[in-house]
Amino acid sequence: MIIKKYLAKTEKDAIEKAKEELGSNAIVMNVKKVHPRGIMRIFLRAKVEVTAALDENTSYTEEKPQPKTTPVGDKRTKFDVSIPPLEGLPPLEAPGKGVPKPSSSTSGKADNEGTNEERLSQLLNLLEKQMTDKNVSTATNGTQARSSAGASRDDSRDGRESVRREPVRREEPARREELIRRDSSDRRAAQARDDREEKEEIRKRLNEASKESRASDRKDTDESDREEADNPEKKDKGAIYRDLIYKKLIQNEVDESIADAILDEAKRALPKDAAVDQILGSVYQRIILMIGQPYTINYKPNEPTKFVFFLGSTGVGKTTTIAKLASRLKLEQNCKLALVTADTYRVAAVEQLRVYADILSVPLHVIYHPEELEGMLDDLQKYDVVLVDTAGCSHKNTEQIEEIQTLLEQVPISKRLVYLCLSAGTKYRDLKEIASVYQDITDYSIIFTKLDETLSSGVVLNMKVSTKCPLSYVTNGQNVPDDISRIDAQAIAKQLMS
């Protein structure tokens with residue numbers, strides 16, 4: 001029995017290789033996908049490995065064996081034990097024609113063993129059928145040959161006896177037929193014994209070939225298991241690295257459920273023996289994808305006026321943030337700008353914003369009731385961007401929240417942008433409650449202020465995941481206009497892992 005493996009990009013190519021070397025009568029024992037190991041699996045595709053077998057002692061010919069006559073007196077007949085081509089057994093073909101293609105690259109050991117057992121059972125059934133047909137043909141031919149030989153011998157003996165004596169005595173037909181039947185029975189019994197021995201030998205060889213194929217399929221897995229058993233440190237190395245990264249994320253105030261999700265995805269995407277740089281790179285990429293791209297004010301000339309509202313609790317830095325963005329839009333993009341404030345509750349809030357308006361030479365409009373904004377819309381249409389400062393309030397003050405909602409409704413949704421300012425130093429639990437209240441009245445993007453006043457930036461990732469709202473800007477100081485920037489996913493990821 002010849003058993004070989006062939007590796008190619010596709011199953012069809014692997015089978016063609018097997019056909020070129022072993023011939024079209026080879027039998028496919030197993031088909032599986034082989035994935036590259038280590039970091040190369042990212043760049044290289046999986047290949048297909050086909051295990052094919054060919055019985056080197058089997059004679060494949062299309063000519064039917066001629067019946068052999070056995071000399072009289074020899075009760076055992078020597079038979080031609082060469083196995084003719086097995087009709088009905090699917091030859092080695094390309095996928096879709098004869099050999100069933102595996103359903104997926106992750107077929108288990110049970111699927112491979114089931115395929116081998118089905119082929120073994122099919123082969124043995126065909127062997128038994130052909131052996132039975134061969135026995136009937138041989139027994140018939142042997143009987144005819146025996147009858148001819150017996151008749152010839154009787155005629156010769158009768159001829160010789162007729163010369164010596166009279167009358168001629170011939171053997172009785174009934175006796176002769178009995179001898180023929182007895183001889184034929186002996187021949188069939190001997191042939192049956194030979195067939196059983198031959199089938200047992202073939203079964204044994206096929207079982208050995210099947211075991212060898214299954215052992216080969218498990219070779220890589222067994223070697224990996226032995227290495228881990230011999231070296232426990234290697235087995236736990238990846239887990240140690242992941243635990244260290246998990247502790248660092250928790251230390252930077254990343255929510256436990258989010259940290260678990262990140263590391264679970266990294267574990268599934270990497271092999272067990274992944275190096276620490278691979279694990280770090282995988283976690284780093286997942287944090288960047290979670291944070292996403294910043295959603296900022298995209299000003300373009302000759303577009304309809306954009307009304308940008310800034311919401312948030314008292315003291316989060318809304319007014320200073322407006323001054324920073326106004327400076328950027330005016331000085332860097334030469335935007336035609338106007339400022340509007342509805343924050344008449346806080347002492348000197350209007351005067352603070354008026355100072356910035358005078359410095360930038362932009363108009364400032366003050367409204368004392370939400371409905372006043374609707375009357376200003378016609379005058380404000382001549383500006384490219386209008387920045388609206390709202391009154392800071394507690395998220396538990398339903399009356400003020402309703403006033404803010406009324407103010408927002410004065411401008412159509414298609415013309416307004418809303419930013420919720422959150423302090424990075426506020427507790428994650430409180431931030432979730434604040435965000436939930438404002439989500440009931442409008443959609444918004446998030447600006448994180450006072451990032452310089454906290455040691456950890458885990459709250460940025462937590463709020464992005466929990467609210468699913470886009471992030472936009474971060475502020476990290478009081479300097480106008482320098483201490484504001486777009487959210488940088490890579491910088492946040494580095495801070496969380498450092």
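Guide: Threonine 341 belongs to strand β5, a strand being a DSSP run of E with at least two residues, numbered from the N terminus. The model is predicted: local features need pLDDT of at least 70, side-chain atom pairs count only at pLDDT 80 or more, and totals for chains, interfaces and linings use all residues. Residues are numbered from 1 along each chain as its sequence is written, and side-chain values use heavy atoms, with hydrogens and water left out.

Visitor: Does threonine 341 count as buried or exposed?

Guide: Buried means under 20% relative accessible area, exposed over 50%, and partly exposed in between (1.4 Å probe, protein chains only). Threonine 341 has 0% relative accessibility, so this residue counts as buried.

Visitor: Which residues does threonine 341 touch?

Guide: Contact means heavy atoms within 4.5 Å. Residues up to four places away in sequence are not counted, and those touched are Val350, Leu353, Leu364, His365, Val366, Ile367 and Asp389.

Visitor: In what order do the eight strands form the open sheet?

Guide: Two strands pair if DSSP finds at least two bridges between them. The pairing in this open sheet is mixed, and the order is β6-β5-β7-β4-β8-β9-β10-β11.

Visitor: Why is one side of β6 and of β11 left without a neighbour in the sheet?

Guide: β6 (364-366) and β11 (484-486) each have a single partner strand. One side of each therefore lacks a neighbour, because both stand at the edges.

Visitor: Which residue in β9 stands opposite cysteine 421?

Guide: Strand β8 (residues 416-423) pairs with strand β9 (residues 445-449) in the parallel sense, over five bridges. Opposite cysteine 421 stands a residue of β9, isoleucine 447.

Technical notes: Helices (H or I, at least four residues) and strands (E, at least two) are DSSP runs, numbered from the N terminus.
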